[in-house]
Amino acid sequence: GTPSSPLAEAIANYSHLFRKSEGLYLSYPFRERMEKDFLHFIKGKSFDLIVVSDSEAILGIGDQGVGGIGISTAKAVVYTLVGGIDPSRTLPIVLDVGTNNQELLDDRLYVGWSHKRVKGKPYDEFIDTFVQLVRKHLPHCLIHFEDFGVDNARRILEIYRDKHAIFNDDIQGTGAVTLSALMSAVGVTKSKLSDQRIVVYGAGSAGVGIIWQLRDAMIRIDGVSKEEASKRFYMIDKEGLITQGFGDKIRHGQEDFVRPDDEWDANDRHNGKIGLLQVVKKAHPTVLIGTSTHAGGFTEEIIKEMAKHTDRPIIFPLSNPTKLVEVDPSKANEWTEGKALLATGSPFPPAKMPSGKDYIIAECNNALIYPGIGFGAVLSESKTISDSMIIAGAQALASLSPALKDPDAALLPDFGCAPHVNFEVAVAVAEHAVEEGIAGVNWKKEDVRDRVKERIWHPVYGTYHYDAAGEKE
């Protein structure tokens with residue numbers, strides 16, 4: 001999504017680089033006056049978008065306490081740069097609920113609340129106070145949740161998604177851009193989403209978010225049942241394939257995708273675990289998605305095994321940053337003799353096809369889609385962001401895929417096209433909100449494109465002319 005390393009460094013050293021406040025800091029010890037602080041900050045201003053983080057799971061560098069305001073600010077800037085949202089109408093917020101990062105707790109210069117993270121009921125009540133404040137005072141303002149811990153992220157999304165327009169980038173943004181890349185890939189292979197057998201390696205918030213998004217699309221686009229769609233997935237975490245035998249180790253959000261134990265026998269288990277290679281040998285996946293941060297997890301043996309059973313293996317090593325990627329895409333390309341359809345989570349140079357032609361590696365960059373989803377929801381004053389609005393955005397992105405014109409081209413548009421892409425996503429999302437009847441504006445579907453065009457913010461100073469016959473005091 002956002003440029004990881006320099007940004008991660010700035011966030012990690014936030015207290016030492018601190019010069020002035022950016023955005024709004026809502027701190028747990030001052031929760032009694034949250035409304036007062038909030039109203040003081042928004043007085044006389046209008047907002048379309050709030051980007052909020054509690055900084056528990058930042059950019060692969062973990063818990064960063066109050067420094068997470070840096071990610072809220074950066075994401076808000078991306079909404080402006082590629083989504084067209086007016087920057088004066090965006091509000092970055094950090095919810096300071098403490099930190100479990102010992103380095104920060106030991107740092108005398110730490111500018112946040114030097115206390116262990118608040119958990120359980122007190123945490124939920126603090127989040128609720130915040131969300132209800134936004135609902136009361138900024139009812140049309142989209143709330144974009146960023147870098148919350150995996151369990152809190154999904155729970156917060158489920159609690160509030162039907163009550164307000166909220167979006168969780170780590171779950172829904174990653175899911176949506178991956179869905180777009182997969183739609184392009186199945187377009188190349190002339191198959192359907194619901195025909196795929198999908199192995200997801202890494203069962204954190206990104207992995208689970210992708211599975212939910214792909215399943216939802218199978219149900220809505222191909223018309224298969226929820227049970228049927230759930231059976232298309234194999235989810236693997238550090239302990240191996242998640243099966244019924246995991247019992248209480250099965251996390252919230254994973255329940256529907258647990259495999260029956262009787263599919264596997266003793267020969268499939270190695271030290272009690274069913275590993276990735278074994279799953280590939282037995283399930284013959286057509287799609288392999290990596291969200292594990294296990295560098296090199298997709299070995300030559302695994303990729304070659306996969307290629308034995310499918311003509312065009314679809315391989316998405318999505319882990320960030322580059323050094324944690326499951327397989328270098330040029331290796332996957334070489335081991336499949338140029339047959340693999342590839343997308344990654346970080347930028348990679350092109351791979352060489354056997355013909356000597358360059359194969360451009362698509363980058364599954366959330367910024368190709370979340371600014372457009374957000375902008376579309378804001379413009380249509382949508383009461384919620386529904387699953388079908390996200391799918392409409394993903395279909396708009398997939399329809400712009402270079403691979404649909406040339407099967408050897410990239411599965412997603414280049415990031416350089418992000419403003420154009422997000423415009424199309426915003427139009428699709430707003431049209432869908434109007435069609436679904438959840439838009440707060442009274443537009444006809446055919447007017448949406450012009451309305452979106454009118455509202456794009458351009459960084460241009462207006463020209464003022466002196467009018468001698470103008471208003472007099």
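Let me begin with terms: helices (H or I, at least four residues) and strands (E, at least two) are DSSP runs, numbered from the N terminus. The structure is a predicted model, in which local features need pLDDT of at least 70 and side-chain atom pairs count only at pLDDT 80 or more, while totals for chains, interfaces and linings use all residues. Residues are numbered from 1 along each chain as its sequence is written, and side-chain values use heavy atoms, leaving out hydrogens and water.

I turn to the open space. A pocket is an open set of points on a 1 Å grid over the protein atoms alone, with protein on both sides within 12 Å along at least five of seven lines; a cavity is a set where a 1.4 Å probe fits but cannot get out, and lining residues have an atom within 4 Å of a point. Points are joined across faces, edges and corners, and a volume is the space filled by probe spheres set on them.

The largest pocket holds about 1,400 Å³. Its lining has 49 residues, of which Gly204, Ser205, Ala206, Thr291 and Thr293 are the closest to its centre. Helices H4 (69-83), H7 (150-160), H8 (169-189) and H9 (205-222), with strand E7 (233-237), each supply at least two lining residues; H8 gives the most, with 5.

Among the residues lining the largest cavity are Asp151, Arg154, Gly204, Ser205 and His252. H7 gives the most to that lining, with 3 residues.
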